[in-house]
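Dear colleague,

Here is the structure I promised to pass on to you. Please look through it first, and then read the notes that follow.

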Amino acid sequence: MIARQLLAAEGGNEFQAPGTEIFDWGPLWDGAPSWLTKPTLIVALSVIIVCGFFWAAFSKPKLVPRGVQNIGEVGYLFVRDQVARPMIGKDGDKWMPFLLSTFFFILVMNLMGVIPVLQLPAPSHIAFAIVPAAVVYVLMVFLSIKHQGLGGWFKNMMFPPGLPAWLYIILAPIELLSTVILRPFTHAVRLFANMFAGHLLIAFFASVGYWFLIEKLTPLGSGLGVLGFVMSVVMTGFEIFVQALQAFIFTLLAASYIGGALHPDH
Amino acid sequence: MGVLAEVTGNVGSIAYGLAAIGPGIGVGIIFGQGVQAIARQPELYNTIRQNMLLGFALTEALALIGFVVPFVHS
Amino acid sequence: MSNLLAAAAVAAEEGGHGNPLLPHASELVFGTISFAIVLILVGWKLVPQIQKTLEERTDAIEGGLKRAEEVQQEAKETLEAYKRQLAEARHDAARLREEAKEQGAQIIAEMRQEAQAEARRIVEAAHAQIEADRQQALQQLRAEIGALSVELAGRVVGESLEDSARQSRVVDRFLAELEERTRTQERISS
């Protein structure tokens with residue numbers, strides 16, 4: 001159990017909160033290829049789960065849905081009606097494959113953080129948050145240039161119509177910075193930071209509970225241990241909510257960027 | 001004159017704590033006003049929602065940069 | 001920025017725990033491959049199928065509704081046509097009845113007229129017949145009166161040959177009758 005390794009490694013009498021080292025995972029066993037680590041395994045598992053679920057739901061769709069197809073359709077309609085159609089408009093249906101895959105992939109990766117034994121939300125390793133964000137960014141740039149032309153894109157971005165002239169002096173560089181540099185960065189880091197911080201919180205409270213209840217059980221400290229245990233349960237519930245919300249917001253912003261590239265100033 | 005007061009430990013955490021004040025207030029204002037606007041004009045829900053999320057993304061960017069800076073300098 | 005690069009270099013060399021903000025190259029590659037797998041399998045192959053099914057379902061429902069509407073419309077039109085035909089038929093019947101009544105009245109009037117004409121003709125014929133009979137009777141009478149008077153005269157003359165007294169008695173009797181006759185005639189005519 002990682003907590004015991006952590007806390008025992010310190011070896012002292014003082015409680016040491018877990019730090020960023022809980023995110024370091026080496027190869028699964030000695031001599032394994034260097035890329036076969038726990039996060040990588042979790043991502044592979046997420047891929048299998050997502051593909052398996054959608055295969056079961058959509059491989060032979062019937063006109064009157066039965067069983068898994070119902071659930072799959074609920075997910076599809078949720079993403080279509082809450083994300084694609086409001087953000088992109090009527091032709092959002094064309095982007096549904098991309099948005100649906102992204103949403104469920106990130107959702108399952110996130111939820112791995114609360115499943116026992118696995119307990120690592122994969123996007124807490126920034127690489128797995130960078131990949132979808134980079135794909136969305138490349139897509140956005142490509143679509144913007146294709147639909148608005150290179151000059152047109154910069155003009156629409158930096159000089160939106162209907163503002164007093166002096167405002168453009170401040171607005172243009174801010175908009176340029178925001179769209180070209182900050183957007184992919186915040187897109188990835190939002191997901192990463194939420195998963196990172198959430199996992200750290202759960203680990204912190206869990207190790208508090210473990211230390212004060214099991215490692216160093218004292219009458220005074222046991223209250224703190226119970227508090228830590230209760231808080232870890234609460235934080236787990238909160239983390240489930242945040243994970244789902246972050247997946248939704250990631251997809252929502254991806255749809256918003258794509259919609260902004262397709263119809264500027266809609 | 002010696003040192004009057006000293007803060008030891010991870011200054012980065014203090015930095016992020018300070019950096020989170022502004023975006024916290026900002027995000028709260030955005031969504032609070034957004035909810036009020038929806039209550040006043042429910043038929044504009046989609047427009048208000050889009051603008052809310054746009055403002056939220058820009059404001060949260062500052063908080064995220066604040067989160068990241070201590071790691072950059074560690 | 002140079003800090004970042006230096007930290008990356010250090011982390012790459014050490015291989016130990018570095019800045020959590022720095023992606024591991026192996027994870028980047030693995031992540032890209034996984035995302036690509038999900039996109040291809042779910043996005044390219046499966047989602048179009050469910051999109052097609054959802055469209056089919058919408059078509060079936062809407063198409064079914066539209067077809068039901070059309071059939072209803074047809075039924076309504078047929079009903080209208082039938083009603084119109086019925087109204088026409090009733091109209092025709094009423095008209096025919098009117099005509100029949102008129103014709104009946106006409107026929108009765110004609111027959112009455114004919115009957116009247118016939119009656120008049122009969123009456124006229126009867127009149128003519130009576131007239132003819134009267135003429136005939138007059139003729140006959142005239143003829144008979146001639147013969148009778150001659151006979152009477154013969155008898156009178158025969159008797160006068162026997163007795164001149166009886167002759168005067170006959171003439172007196174005849175004159176008295178004449179007077180009687182004129183007197184009654186005067187009495188009748190006065």
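Which pattern does chain A follow when it is read along the sequence? Chain A follows the pattern α-α-α-α-α-α-α-α, and its secondary structure comes to 8 helices and 0 strands, where helices (H or I, at least four residues) and strands (E, at least two) are DSSP runs numbered from the N terminus. Taken along the principal axes, the C-alpha atoms of chain A fill a box of roughly 70 × 55 × 40 Å.

Please keep in mind that this is a predicted model, in which local features need pLDDT of at least 70 and side-chain atom pairs count only at pLDDT 80 or more, while totals for chains, interfaces and linings use all residues. Residues are numbered from 1 along each chain as its sequence is written, chains are lettered from A and ligands numbered from 1 in the order in which they are written, and side-chain values use heavy atoms, with hydrogens and water left out.

On confidence, the predictor gives the complex an ipTM of 0.85 and a pTM of 0.71. For chain C the mean pLDDT is 84, and 87% of its residues reach 70 or more. Over residues 1-16 of chain C pLDDT stays under 50, and the model has 8 contacts (heavy atoms within 4.5 Å) beyond four places in sequence for them. Where pLDDT is low, the predicted coordinates should not be read in detail.

Turning to the interface of chain C and chain A, the contact takes 30 residues from chain C and 41 residues from chain A. The two chains bury about 3200 Å² between them, 78% of it on carbon and sulfur atoms, buried area being the accessible area (1.4 Å probe) that two parts lose on being put together, summed over both. Glu27(C), Phe30(C) and Phe35(C) supply 20% of the area that chain C buries against chain A, more than any other three residues.

Across this interface the rule finds 1 salt bridge, meaning a side-chain nitrogen of Lys or Arg within 4 Å of a carboxyl oxygen of Asp or Glu. The side chains of Glu73(A) and Arg57(C) meet in a salt bridge, at 2.7 Å from N to O.

The structure holds 11 salt bridges over all chains. In one of them Glu60(B) pairs with Arg190(A), the closest N and O atoms being 2.3 Å apart; Glu60(B) lies in helix α3 (residues 45-73) of chain B and Arg190(A) in helix α7 (residues 165-215) of chain A, so the pair joins two chains.

For chain B, an unreviewed UniProt entry lists residues 14-32 and 53-72 as "transmembrane region"; such positions are given in the numbering used here, feature names are shortened, and annotations may be inferred rather than shown by experiment. In the model, residues 14-32 of chain B are 95% helix and 0% strand, with end C-alpha atoms 27 Å apart, and residues 53-72 of chain B are 100% helix and 0% strand, with end C-alpha atoms 28 Å apart.

Definitions and conventions
pLDDT is the predictor's confidence in each residue, from 0 to 100.
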